[in-house]
Amino acid sequence: MWIFYVMLLFMIIACLIAVQTDNLLSSIICVGAVGAIGSLMFLFLYAPDIAITQIVVEVLALVVMVRVTISRDVTFISGDRELFGTVASIVIILIIFLGGIEVFRALPDFGVPVFSQFSNTASQTYISRGLQETGAANLVSSIILDFRGYDTLGEATVLFASVIGATVILRKETGKSMEVSR
Amino acid sequence: MMYGLCFLLFTIGLLCAVLKKNMVKIVIGIMIMEYAVNLFLIMLGFRFGGTAPIIDRSSLNLEGGLTQQFISASVDPLPQALVLTSIVIGLGTLALLVSICVRTYEKYGTFDITKIRRLQG
Amino acid sequence: MTVPLPVFVAIPLTAAFILPLFGDRYRGFATFFANVAALVLLALAITTIGQSYSYQVGRWSIPLGINMVLDGLSSLLLITIAVVSASAMLFSARYMEQYSAKSKYLSLFMLMTAGMNGVVLSGDIFNLFVFLEIASIASYALVGFGCEHEQLEASFKYAVLGSIASLFILFAIGLVYGNTGTLNMAYISQAIQTRGINNGLSFALAMFIAGFGLKAALVPFHAWLPDAHPAAPAPISAMLSGVLIKALGVYAIARLLFNVFGISEMISWVLIALGVLSMVVGVFLAVGQWDFKRLLAYHSISQMGYIVLGIGLGALILARGGSVVWASIAILGGLFHLVNHAVFKSLLFLTSGSIEMSTGTRQLKQLGGLSGVMPLTRANCAVASAAIAGVPPFNGFWSKLILVIAAVGTGFYTLAAVTVIVSLVTLISFLKVHRYIFLGELPDNLRQCRENKGTMFVAMAALAVLCLAMGLLVLVPSLKAGVLDPAVQVLIDGFAYSAKLLAGSN
Amino acid sequence: MKGMTIIVKTVGSWVKVLIFLFGIYIVLFGHLTPGGGFAGGVILACSYVLLLLAFGREFTEKNLSLGTASKIDCAGALLFIAIALAGFLYGSASFFYNFIQQQFLAGKDTALKLVSAGIIPLENIAIGLKVGASLFLVVLLLSVFRPEVSNNNKESKL
């Protein structure tokens, strides 16, 4: 139990550093630390699939982010936006936080899975009959590619859309001649 | 309590995304929010002393069926499937946001979002 | 014959995946291909009128698998999306020739259509989120398509706010899962009916309203829209203002509130407040604008207010246990205005694109006297302006009239007055548009500009004809009973949604 | 971008193969062990990203050019949707119908074998291709991107 608290506190501290430091590179490295600890935490939460995915995605995201920031922005952009907006946002977000914190009492305690609280949930069927229905030993695989394969089609499409979008945004010749004259 | 800390992580990310004026910091804020949400979803399915939802030899009995022990110990696989999807979606969003940042930087020479607005007039 | 529902997602997705393969070499064929796909979708969407059935993907019964649900509301939205996307696609055939990377544009356009179709057909809350993300990510990229300064900044702002909204929605989905143990909307609704709404679910509902409200650009959350919609290329502005904010925002809110969570008086008041705020703030910000597309974008916020007001009013009457007839009139007004707004606002954005393509500017002060040069565009613009301002024979008039009747009939005289006043201000604002664009003196630098004929005109004219003809949807009883009434009935029935689906699955 | 030193290049050329093979393993055994198409695809992309970082852009583009990566991206996505649509062909079946499992493998004891689970391994392969190509494409695009104009701002600031 305590190990989860330690890891979560570590993540929160790393996040705070990432948010507050002025140096972009160290900020990104802190985010990397958050991701690495998060991946470890997924492993302890018995989610090895997610742990693998998280760690490789983290590596790739870190490479991309470092690539973007290194040699680009050497100036330190510090400080926040204008005062009124800042105060208003902080107040609103604090209200959301205080409202939200109460809400988690309604959930089952940490360590008691949600699906055990209800009868006839989909997850119980996935666990007890997933192997014979789909033949996949990895139940997460059987869910994402068979029971909820339609979601995965959407997921692949999201990635496709973002790659096409990145190609469009980063294309060499933009070819629009009219609005330049503005 | 764990859920509350997780929500705190979400709030930190939200604050970072809303308040900072550096574009990369805003992207970092969104990344942190994503971690928090993913963690929250996985926590919902966690079971103390459970096993991962992956069947191996030890969880099959002699007839090839599942042992009762596995069925009663496995954590919830559904949130894991959702998180796998949401990690990919997060990566897609990140790629797009970063490319917009890079393009903007090459146009303006800065990541400062308030300066960009001023330059535009 | 019933169309298998995944077709509505599979056709645009396949088109989107194929187009980048050959689109750069054969631009003409790629355009033709995309147009054909859009027209096929339109034809298929029309066959769904009056039908209602569900489809279980992969033959897994719910809640194991995902189901797609077609009912009156989905069908109405499907047709709207198909009409607007077909005409915007036709318009972009020539309009997008001025940009490079056209095949990528067509692909993103198709992805956006697929995402919206997926959202309106989904019966699973996480699946809805996934398709919402497809449509949103495609639209972030399309807003930044021009890669000029304002496009990039608008795109970044839109992408950041949109991602935050998506994460809110995802967090709320997590809370819903934690409190009900299922993701299927029918099962969630059943769980809520048996166990009632606890703290967690009401917080989730608040996060849903914030998230979808951000996507719908209702007033406290509207900051991104006036930047993003004008920055996109004109056909995309038409899609964004015409259908995207409705399919992703209003549809999702209405579906969740009426069919899943159930309505309460407080939520109805929240909706009404959001609606009135959007109407008033949007229109008064619009009056002061001198950029044609930006003005239209502010009007989008204002018109979205009408839709939400109608739906909220209906919800309030239902929650108070008032007369179902009046509630259905209010909801009818809201939904009819949704369809009407999709048609006339996309027409307005298309005319703005036509003007911008010919003259190279969209600043009202730099334009003038175009009525002699661009008579066809002017006629289309006049039709659409009359429709948005609520001038009698056009479609906008009928939906606003229904809304006013509903407000007066149930005793909300203030709301009726606000509706009428906002409509008048809209009229003034569009008189200004006509005065500065089409009347007055033709500036010297615009003497060479020419009318856009061909496919661009056909696309605009089709929408203009619809603006005139759509009044028939409420005036002819058989049309009303076939198209609009089933959609209204879905919202009025409320929890019957889940009962029907659960009965069908067993 | 010229690449790094000879040490990095030598080690990188070996490690790259290992990472690539590991990615293939993760993709192929996704239905039996943790991993799957997505994680495997990212690992495949990572092997090429290593190549990009160690050897520089020209070398990598000779191996896997932008155009090819984009085509693999589309092909993977098409393959995935084709598998999904193939479910329509069998009987009264439907979108995403696991026809191989339900029609050919039903009743056979395939648990924990490589050939099992019907369309799931095929879908894993499609996703692996798609994800690997598209993520490599993103990294390559971001490192290639040096626009034609507007470097004056940067100079003046430094």
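Biologist: At what angle do the axes of α7(A) and helix α4 of chain D cross?

Modeller: They cross at roughly 160 degrees and come within 11 Å; axes are lines fitted to C-alpha atoms, for helices over the stretch in contact, and angles run from 0 to 180 degrees between N-to-C directions. Therefore α7(A) is roughly antiparallel to α4(D), a term for angles over 145 degrees. Note that this is a predicted model, where local features need pLDDT of at least 70, side-chain atom pairs count only at pLDDT 80 or more, and totals for chains, interfaces and linings use all residues. Residues are numbered from 1 along each chain as its sequence is written, and chains are lettered from A and ligands numbered from 1 in the order in which they are written.

Biologist: Which residues of α7(A) and α4(D) make the contact?

Modeller: From α7(A), A:Gly149, A:Leu153, A:Ala156, A:Phe160 and A:Val163; from α4(D), D:Asp73, D:Ala77, D:Phe80, D:Ile81 and D:Ala84. Contact means C-beta atoms, placed from the backbone, within 7 Å. By class, eight are nonpolar, one is polar and one is charged.

Biologist: Next, chains A and C. How many residues does the contact take from each?

Modeller: 39 residues come from chain A and 44 residues from chain C. On the chain A side, α4 (83-103), α5 (122-134), α6 (139-147) and α7 (149-169) each supply at least two residues. The largest share, 14 residues, comes from α7(A).

Biologist: And what is that side of chain A by class?

Modeller: 15 nonpolar, 15 polar and nine charged residues.

Biologist: Switching to C:Pro20. Buried or exposed?

Modeller: C:Pro20 counts as buried because 24 C-beta neighbours lie inside 10 Å; the cut-off is 20 or more other C-beta atoms within 10 Å, against 12 or fewer for exposed. C:Pro20 sits in helix α1 (residues 7-22) of chain C.

Biologist: What is C:Pro20 in contact with, leaving aside neighbours within four places in sequence?

Modeller: A:Ile164, C:Ser103, C:Lys104, C:Ser107, D:Ser70 and D:Cys74.

Biologist: Last one, chain D. How many helices and strands?

Modeller: Seven helices and zero strands, where helices are DSSP runs (H or I) of at least four residues and strands are E runs of at least two, numbered from the N terminus. Buried residues make up 48% of its 158 residues. Of the contacts in chain D between residues at least 6 apart in sequence, 68% join residues at least 24 apart.

Definitions and conventions: Two residues are in contact if their C-beta atoms, placed from the backbone, lie within 7 Å. Ala, Val, Leu, Ile, Met, Phe, Trp, Tyr, Cys and Pro count as nonpolar, Asp, Glu, Lys and Arg as charged, and the others, Gly among them, as polar. Angles under 35 degrees count as roughly parallel, over 145 as roughly antiparallel, 65 to 115 as roughly perpendicular and the rest as oblique.
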